[in-house]
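Please open the structure in a viewer and keep the selection tool at hand. The tour below goes from stop to stop, saying what to select and what is there.

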Amino acid sequence: MNAMEKSVLSSLLRINRYHRKALRCALAPYQYVGVMHLIVLYINRNPGSSQEEITGFYALDKASVARDARRLEDLGHIQRNKMPENRRQYRLYLTDAGRDMVRVIDRAAEQFQKILAASISPEDWAQLELLLKRLEENVRLP
């Protein structure tokens, strides 16, 4: 890996760490930790999805998703219904409190995005999107 590649990857990792830190701080008053916000966002877009679908989409480990889904259920933000065809799997749905959290998560993400996007032109964003999609395609596992 050359110096430019290392620099780009290092910047992406730092941006990701700043993003996680901003979300962690914004969501701490709601007792959100780990990947709870990702679970809520996924269920919002895909009601009735399984924990396995979430782990596959975000490339997370099953134990983290299962633990955080249980926490979300305890907070009253999701409902887990056992699948009739497989009693060890659950279909996940947001509750009203979970839908309220989607708005909180979105606001926190928007605040970070405003900071991140400052001084970046629409053309720069378009080019960056293409490049990042190519990078993402390179790392997708079968």
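Is Gln31 buried or exposed? With a relative accessibility of 56%, Gln31 counts as exposed. Keep in mind throughout that this is a predicted model.

**Stop 1: two loop residues**

Select Gln31 and look at the loop between H1 and H2, where this residue lies. Gln31 is not a glycine, yet its phi is positive, about 65°. Most residues other than glycine have a negative phi.

Now select Ser119, in the loop between H5 and H6. Ser119 also is no glycine, and its phi is positive at about 70°. Its relative accessible area is 75%, so Ser119 is exposed.

**Stop 2: helix H5**

Helix H5 has 22 residues, and at 1.5 Å a residue they should span 32 Å. A distance drawn between the end C-alpha atoms comes to 31 Å, which agrees.

Next, colour the buried residues of H5: Gly98, Met101, Val102, Val104, Ile105, Ala108, Ala109 and Phe112. What do the buried residues of H5 pack against? Show helix H1 (3–27), helix H2 (36–45) and strand E3 (86–94), which are the elements they pack against.

Stay on H5 and select Asp100 and Arg103. Their side chains meet in a salt bridge, 2.4 Å from N to O. The two residues are 3 apart in helix H5, so about one helical turn separates them. In an α-helix, residues three or four places apart point the same way, because there are 3.6 residues a turn. Asp100 is partly exposed at 41% relative accessibility, and Arg103 is partly exposed at 46%.

**Stop 3: the sheet**

Switch to a cartoon view and select the strands. They make an open sheet of 3 strands in the order E1-E3-E2, with antiparallel pairing. E1 and E2 are the edge strands, each pairing on one side only. Strands of a sheet pair through backbone hydrogen bonds, either parallel or antiparallel.

How many bridges join E1 to E3? Strand E1 (residues 49–50) is joined to E3 by 2 bridges. Strand E2 (residues 78–83) pairs with E3 over 6 bridges. E2 and E3 form a hairpin, with 2 residues between them.

Select Leu92 in E3 to see both pairings in one place. Ser49 has Leu92 as its bridge partner in E3, and Arg80 has Leu92 as its bridge partner too. Then select Asn81, which stands opposite Arg91 in E3.

**Stop 4: salt bridges**

Glu53 lies in helix H3 (residues 51–58) and Arg91 in strand E3, so the pair ties together parts that are 38 residues apart in sequence. Both ends count as partly exposed: Glu53 has a relative accessible area of 35%, and Arg91 has a relative accessibility of 27%.

For the next pair, select Arg67 and Asp68. They form a salt bridge in which the closest N and O atoms are 3.9 Å apart. Are the two residues buried or exposed? Arg67 is partly exposed at 42% relative accessibility, whereas Asp68 is buried, with a relative accessible area of 1%.

**Stop 5**

The elements that give two or more residues to the patch are H1 and helix H6 (122–139). Which element gives the largest share? H1 does, with 5 residues.

Trp125 counts as partly exposed, at 33% relative accessibility.

Notes
Residues are numbered from 1 along each chain as its sequence is written. This is a predicted model: local features need pLDDT of at least 70, side-chain atom pairs count only at pLDDT 80 or more; totals for chains, interfaces and linings use all residues. Side-chain values use heavy atoms; hydrogens and water are left out. Helices (H or I, at least four residues) and strands (E, at least two) are DSSP runs, numbered from the N terminus. The expected span of a helix is 1.5 Å times one less than its number of residues. Buried means under 20% relative accessible area, exposed over 50%, partly exposed in between (1.4 Å probe, protein chains only). Contact means heavy atoms within 4.5 Å. A salt bridge is a side-chain nitrogen of Lys or Arg within 4 Å of a carboxyl oxygen of Asp or Glu. Two strands pair if DSSP finds at least two bridges between them.
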